[in-house]
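Please open the model in the viewer and keep the selection panel at hand.

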Amino acid sequence: MSSAAQASPSPQPLPVSGARLVVEALEREGVKHVFGYPGGAIMPVYDALTGSSLQHILVRHEQAAALAADAYGRVTGRPGVCLATSGPGATNLVTGIANAFLDSVPMVAITGQVGSPLMGTDAFQEVDIFGITLPIVKHSFIIRNTADIPRIFAEAFRIASSGRPGPVLIDLPKDVGVLTANPEPFELPDEPAAPLDEASIALANALIAEAKAPVIYFGGGVAIARAERALRDLAQRMGVPSVSTLKGLGCIPSDEPNYLGMLGMHGARAANIAIDNCDLLICVGARFDDRATGKLDSFAARAKVIHIDGDAAEIGKLRVPEVGLAGDVSSILGRLTAVPKIADWAQQCRAQRKMWAPRYDAPGQGIYAPALLKELSEAAGDKAIFTCDVGQHQMWVAQHCQFSRPQAHLTSGGLGTMGYGVPAGMGAVLAEPDATVITVSGDGSFMMNVQELATLRRYRLPLKIVLIDNSQLGMVRQWQELFFEENFSEIDLSDNPDFSEVAHSFGIEAFTIDHRSQVGPAIQRLLRTSGPILLHVRIDPRENVWPLVPPNSSNVQMMEKGW
Amino acid sequence: MTERLTVEFTPAEGAVIRVLGVVERRGYVLRGLSMKEKADTASLVIDVEPREASRRVPVLAQQLARLVDVRSVSLAARDAGSLA
Ligand SMILES: Cc1ncc(C[n+]2csc(CCOP(=O)(O)OP(=O)(O)O)c2C)c(N)n1
């Protein structure tokens with residue numbers, strides 16, 4: 001070392017490459033896993049990844065990286081991270097980013113971009129991913145200066161997980177990752193919490209006190225605000241019956257006596273009847289989505305509404321409430337202290353729940369998927385996390401599995417993304433290694449990300465896949481049967497590959513069942529196996545999801561199964 | 001009916017398209033627009049008309065307010081004058 005350097009009191013740190021700054025920023029945020037796929041424009045970051053503390057999970061399609069990051073974010077509550085190159089790598093992330101946006105999931109998506117001088121010239125693998133994703137991100141950045149990297153990453157993580165969470169995209173031009181800089185220290189400003197509106201709290205308590213038939217209608221916003229405990233306390237304190245949206249499942253445990261089940265299109269009849277008869281709807285973290293409400297003007301038509309949400313923009317969007325309370329959901333719920341006198345009403349609701357409980361005594365010897373899922377859920381217990389794909393099997397999971405926490409049910413609620421199940425299972429296994437992670441998929445959905453069996457195998461992720469195979473696009477077939485006069489159009493998948501063979505060829509244990517007597521032993525084997533495993537279940541292609549509210553109908557006009 | 005929104009925001013990259021994108025995607029027609037920029041803040045005055053009657057402009061104002069770059073949104077009934 002030269003004497004001049006020795007004499008220097010505080011030597012300037014050596015400039016660091018942008019790519020190194022990216023990796024350091026991720027490490028500073030406590031990131032452990034990054035789901036991604038390399039390519040030209042992101043190569044500097046891949047170069048810097050080696051030797052870092054981050055574990056990179058090499059998926060086989062970028063969509064799976066984004067969907068796995070989504071599930072990781074749902075389970076941990078911290079942003080899941082995905083990484084892709086420019087052009088097709090970036091556009092392959094789009095479905096996963098939209099999935100996270102519509103379900104308000106914290107995510108940071110990092111895309112490589114062509115070098116700054118080439119941007120806007122239609123260069124090789126240049127797409128405007130910033131522009132493409134504007135409608136489906138909470139926020140996004142193009143990093144123009146290497147020195148801004150630490151600050152922008154810190155902001156991105158803060159934005160992705162604060163308030164109503166969502167995906168944040170960071171587009172990184174190649175030269176910005178290669179150039180070096182000595183970033184300045186920075187501080188993010190504090191975010192002051194908004195004060196509660198005391199007058200509205202008082203009004204809400206007054207409405208609760210005088211209600212004769214109140215119902216709590218809760219949704220995914222409860223888990224987002226991590227307000228499950230406050231919701232359970234409120235429901236118990238008041239003794240008010242409650243119903244859940246698809247995304248709220250688990251916020252109140254399925255076995256709570258006053259919990260009536262999921263409402264809406266494939267909801268429990270008791271839940272829809274309670275909503276129809278209620279005189280006060282206490283909506284917590286739900287958003288009057290059409291799948292939940294059916295025909296909006298007949299939804300809780302006689303009820304006054306108290307709407308509580310972390311996001312002020314949800315209040316009054318589709319139904320103007322008597323009282324709107326935006327802010328910290330737990331604090332608001334803690335301030336609702338009135339207790340209504342509703343013993344008869346609660347009793348009536350419990351009786352309806354009992355009367356309309358699902359039946360599992362389906363005729364025949366074939367496998368009845370709802371019964372299998374119920375048995376699986378009971379056997380897997382509280383340590384289970386279910387991820388699903390989209391279709392009939394997704395609704396059966398929602399209807400027949402038990403959830404005691406919202407993180408135990410990962411479903412693509414807003415976007416309805418076929419192909420979510422397996423990548424989400426990968427994300428969940430890495431996010432919570434002690435959990436028993438089970439993906440329930442359909443034969444259509446499974447093929448949308450079948451390549452991820454290779455990722456399961458590579459990292460030996462102990463995901464348990466239950467593939468419900470009706471050799472149809474079942475949900476579409478059901479609608480064609482019921483609402484398109486049985487004009488079956490492009491739903492036949494009877495030329496599916498042999499799924500057990502497919503799994504075997506990826507080096508994954510698999511077996512097939514098609515008879516009711518095989519269900520119990522199959523579940524035992526599934527749960528006993530320590531590595532990844534696929535249970536292929538053949539079911540009757542004509543099976544439908546019941547009950548069902550036809551489109552544009554009120555939720556009490558439910559169609560029921562025939563036996 | 002056309003209504004006027006004033007949106008104060010940090011003029012970061014993409015901020016203007018983000019604001020206008022929300023207006024259009026949430027079911028409004030843009031009827032008028034002007035922008036001013038001063039130091040590190042900017043403001044857009046936007047005249048909007050809902051595509052169907054059930055849309056409520058105060059909800060749009062909240063949807064704009066939650067954009068990261070937006071500092072405030074105010075809503076005023078449109079005066080007779082045109083946008084400067
Ligand atoms: C990516 C994507 N494409 C199309 C759809 C429309 N869609 C919804 S359910 C469904 C059928 C799903 O079939 P399968 O995965 O076999 O499940 P099943 O309904 O048979 O249980 C389709 C095509 C979708 N939700 N996502």
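Which polar backbone atom is 2.8 Å from an oxygen atom of the ligand, and to what residue does that atom belong? The model is a predicted one, and the first stop is the ligand. Select A:Gln392: a polar backbone atom of this residue is the one that lies 2.8 Å from a ligand oxygen.

**The ligand and its shell**

Taken alone, the ligand exposes 590 Å², of which the protein buries 76%. To see where the shell comes from, colour helix H17 (392-400), helix H19 (443-446) and helix H21 (474-483) of chain A, the elements that each give two or more residues to it.

Next, display the 17 residues around the ligand; those that come nearest are A:His393, A:Gly416, A:Gly444, A:Ser445 and A:Gly474. By class, the shell divides into six nonpolar residues, 10 polar and one charged.

**The interface of chains A and B**

Now show both chains. On the chain A side, 21 residues are in contact with 12 residues of chain B. The two chains bury about 1300 Å² between them, with 54% of that area on carbon and sulfur atoms. Within chain A, select A:Leu134, A:His139 and A:Ala313: these residues lose the most area to chain B, and together they account for 35% of what that side buries.

**A:Thr133**

Move to A:Thr133, in the loop between helix H6 (129-132) and strand S6 (139-142) of chain A. Is this residue buried or exposed? A:Thr133 is buried, because its relative accessible area is 0%. Its side chain reaches the backbone oxygen of A:Ile129 at 2.6 Å. Leaving aside residues up to four places away in sequence, A:Thr133 touches A:Val94, A:Ile97 and A:Leu169.

**Helix H1 of chain B**

For the last stop, select residues 15-25 of chain B, which form helix H1. Which residues of this helix are buried? They are B:Ala15, B:Arg18, B:Val19, B:Leu20, B:Gly21, B:Val22 and B:Val23. After the helix, pick B:Gly27, which follows H1(B) and has a positive phi, near 100°.

Definitions and conventions
Residues numbered from 1 in each chain as written. Chains lettered and ligands numbered in written order. Predicted model: local features only at pLDDT ≥ 70, side-chain atom pairs only at ≥ 80, totals over all residues. Heavy atoms only, no water. Helix = DSSP H or I, 4+ residues; strand = E, 2+ residues; numbered from the N terminus. Buried < 20%, exposed > 50% of the residue type's maximum accessible area, 1.4 Å probe, protein only. Polar contact = N/O pair within 3.5 Å; in protein donor to acceptor, adjacent residues only side chain to side chain. Contact = heavy atoms within 4.5 Å. Near = heavy atom within 4 Å. Areas by Shrake-Rupley, 256 points an atom, 1.4 Å probe, with all protein chains shown as cover. Nonpolar A, V, L, I, M, F, W, Y, C, P; charged D, E, K, R; others polar. Buried area = accessible area lost by both parts, 1.4 Å probe.
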